[in-house]
Amino acid sequence: MSSRTSPKVAVLMGGPSAEREVSLSSGRECATALRGEGIEVVELDAGPDLYARLLDIKPDVVFNALHGRWGEDGCVQGLLEWMRIPYTHSGVLASALAMDKQRSKEAFRIAGLPIADSVILPKTEVVAKHTMPAPYVVKPNNEGSSVGIYLVFEGANGPPKLSDDMPDQVMVEQYIAGRELTVTVMGDRALTVTEIMTDGWYDYDAKYKPGGSWHVLPAEVPSEIFDMCMEYALRAHTLLGCRGVSRTDFRWDDSQGTDGLFLLETNTQPGMTPTSLVPEQGAHCGLTFGQLCAWMVEDASCDR
């Protein structure tokens with residue numbers, strides 16, 4: 001940090017990933033909230049000139065509001081470590097590991113956390129035949145926000161027809177029926193459990209469009225399921241080496257009791273838009289959006 005009374009914060013947003021628009025929304029919301037806390041803010045759309053722009057701005061802290069590849073997979077974190085600019089959220093290794101769904105799931109499996117079976121296969125094979133008994137899910141291994149999700153249910157006439165912009169290698173994952181639950185971890189504390197309700201699949205539109213989903217918090221689930229979600233989210237955050245704020249998502253098949261709870265993934269750069277889950281959980285725990293963002297700035301560092 002510099003000797004300024006209040007740090008100069010560059011809010012990093014946008015970027016070239018598939019989640020650019022959501023990142024721009026997150027970044028603008030966070031920038032406004034930080035200004036409300038009396039913090040000097042510069043909004044910075046991450047492009048090829050990012051290094052030069054950061055040299056020019058000379059921020060004390062980078063608030064990383066990027067989503068998706070390059071912004072939450074360790075790439076921009078490596079640049080910020082090289083430049084020795086303190087930044088929010090997780091560091092290089094945790095970001096890269098969490099973004100790679102298959103590798104993070106393997107870490108979860110070794111640690112005894114319940115996960116859905118999955119495999120990484122060539123896209124050409126997945127579109128040619130059923131590669132797993134239905135129902136199953138096909139998705140990119142290293143994107144977030146439900147980008148490129150395909151559901152294949154029992155009785156499907158054939159394998160999924162994947163779009164041309166899907167990567168050459170995709171994840172095929174066992175479909176877990178049931179309820180969508182999520183937990184925010186802030187530092188070393190799990191906040192609460194939210195149940196996400198939709199009229200269909202919790203896809204990109206359901207996450208980010210007003211009215212696409214509605215949230216119940218705290219989730220109305222049995223106490224043992226609530227406690228397991230809180231414990232598993234904190235364990236996942238710690239296991240991956242996450243810092244700052246993360247969010248871990250679950251599916252719970254309530255017909256199977258505790259055996260029906262599965263950890264899906266941990267998100268190291270969770271959304272910070274008006275419809276996002278993390279600000280809601282923070283508010284439930286008594287934190288305003290501004291206070292949450294300011295805490296993230298205070299928590300920023302290098303060597304994360």
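Predicted model: local features only at pLDDT ≥ 70, side-chain atom pairs only at ≥ 80, totals over all residues.
# A walk through selected local features

Trp70 lies in the loop between strand E3 (61–64) and helix H3 (75–83). With a relative accessibility of 40%, Trp70 counts as partly exposed. The backbone of Trp70 has a positive phi of about 75 degrees, although the residue is not a glycine. Most residues other than glycine have a negative phi, and most peptide bonds are trans. On the side-chain level, Arg69 lies over the face of Trp70, at 4.7 Å from the ring centre.

By residue type, the lining of the second largest pocket consists of eight nonpolar residues, six polar ones and one charged one.

A positive phi is also found at His89, where the angle is near 70 degrees in a residue other than glycine. His89 belongs to the loop between H3 and helix H4 (92–99). Is His89 buried or exposed? His89 is buried, because its relative accessible area is 3%, which falls under the 20% limit.

Ala134 and Pro135 are joined by a cis peptide bond, with omega about 5 degrees. Pro135 sits in the loop between helix H6 (123–128) and strand E5 (136–140). A cis peptide bond also joins Leu217 to Pro218, and here omega is about -5 degrees. The loop that contains Pro218 runs between strand E10 (214–216) and helix H8 (223–240).

Pro222 can be viewed together with Gly257. The C-alpha atoms of Gly257 and Pro222 are separated by 9.1 Å, while the two residues are 35 residues apart along the chain. Gly257 is located in the loop between strand E11 (245–252) and strand E12 (261–267). The relative accessible area of Gly257 is 27%, so this glycine is partly exposed.

Next come the aromatic rings. A pair of aromatic rings is described by the distance of the centres and the angle of the planes. How many aromatic pairs does the count come to? The count comes to one aromatic pair. In this pair, the ring centres of Phe153 and Tyr175 are 5.6 Å apart and the planes stand at 80 degrees, so the arrangement is edge-to-face. Phe153 lies in the loop between strand E6 (150–152) and strand E7 (169–174), and Tyr175 in the loop between E7 and strand E8 (179–186), so the pair ties together parts that are 22 residues apart in sequence. Phe153 is partly exposed, with a relative accessible area of 43%.

The cysteines remain. The structure holds zero disulfides. Cys242 is in no disulfide either, and its nearest cysteine sulfur, that of Cys75, is 16 Å away. Cys229 is buried, with a relative accessible area of 0%. Cys242 also counts as buried, at 7% relative accessibility.

Definitions and conventions: Residues numbered from 1 in each chain as written. Heavy atoms only, no water. Nonpolar A, V, L, I, M, F, W, Y, C, P; charged D, E, K, R; others polar. Phe/Tyr/Trp six-rings, centres within 6.5 Å; stacked < 30°, edge-to-face > 60°. Helix = DSSP H or I, 4+ residues; strand = E, 2+ residues; numbered from the N terminus. Buried < 20%, exposed > 50% of the residue type's maximum accessible area, 1.4 Å probe, protein only. Lys NZ or Arg CZ within 6 Å of the ring centre and 35° of its normal. Disulfide = S-S within 2.5 Å.
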